[in-house]
Amino acid sequence: MPLLDAPTMQGHLAIALDQDATTSQRGKALEDLVAYVFGQVPGIAVTHRNEMNVFDTEEIDVAIFNDGAPDGFHYLPSVILIECKNWSSAVSSIEVSWFINKLRSRGLDFGVLVATNGITGNVAELTNSHNLVAAALLERRKLIVLTTAEIAALVDTDQLSTLVKRKLCELAIKGSIA
């Protein structure tokens, strides 16, 4: 799979993590990073960025179309929504619930939440946001959470695919995300 361009990733990360940058600049930089990394996967096209639904009530940060290339995300659905949260603290259960609802209202069974500092709660006790991720499984809805540290550590898209597969297996085996 393709190598990820280190200077491109470092440039996006530098802004995303820069405390002197505005919240808007940091958020956009994280979305740019996510669009870049996922867009490098064979068979993936970033189709929409920061789009509102027809009712103007929900925004989608990044939407990708997956052609199912054999050397790409062939094991994932064709439409994937990605929510980006570049917060200084863990993402709350309110936001996780809101993203799960976005997936539900669009009839989608898979989504990715990129959260700089993860999500709230205790994974072992399934508290807070972890409880919502586990409960979504009852609807056959899978949500994986990636952190900026996990994305920053990627060198190529094969590592991204391995990370996604590991997260999906943890979700299936443990009923929660680590």
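This is a short chat about a predicted model of one protein chain.

Visitor: How many helices and strands are there in the chain?
Guide: The chain has 6 helices and 5 strands. Along the sequence they come in the pattern α-α-β-β-β-α-β-α-β-α-α.

Visitor: And what radius of gyration does the chain have?
Guide: The chain has 15 Å. That agrees with a compact globule of 178 residues, which would have a value near 16 Å. The C-alpha atoms fill a box of roughly 40 × 40 × 35 Å along the principal axes.

Visitor: How much of the chain counts as buried?
Guide: Of its 178 residues, 46% do.

Visitor: Let's pick one residue. Is Asp32 buried or exposed?
Guide: Asp32 counts as buried because its relative accessibility is 16%, and the cut-off for buried is under 20%. Asp32 sits in helix α2, residues 23-39.

Visitor: Which residues is Asp32 in contact with?
Guide: Setting aside neighbours within four places in sequence, Asp32 is in contact with His12 and Arg49.

Visitor: New topic: which residues of helix α4 are buried?
Guide: In α4 (residues 129-136), they are Ser129, His130, Val133, Ala134 and Ala136. These residues cover an arc of only 160° around the axis, so they are on the same side of α4.

Visitor: What do the buried residues of α4 pack against?
Guide: They pack against α3 (93-105), β5 (142-146) and α6 (157-174).

Visitor: Last one, how many disulfides turn up in the whole structure?
Guide: The search finds 0 disulfides. As for cysteines, Cys84 is buried, with a relative accessible area of 9%, while Cys169 is partly exposed at 46%.

Notes
Residues are numbered from 1 along each chain as its sequence is written. This is a predicted model: local features need pLDDT of at least 70, side-chain atom pairs count only at pLDDT 80 or more; totals for chains, interfaces and linings use all residues. Side-chain values use heavy atoms; hydrogens and water are left out. Helices (H or I, at least four residues) and strands (E, at least two) are DSSP runs, numbered from the N terminus. Buried means under 20% relative accessible area, exposed over 50%, partly exposed in between (1.4 Å probe, protein chains only). Contact means heavy atoms within 4.5 Å. A disulfide is a pair of cysteine sulfur atoms within 2.5 Å. The arc is that of the directions from the helix axis to the C-beta atoms. The radius of gyration is taken over C-alpha atoms; the globule rule is 2.2 Å times the number of residues to the power 0.38.
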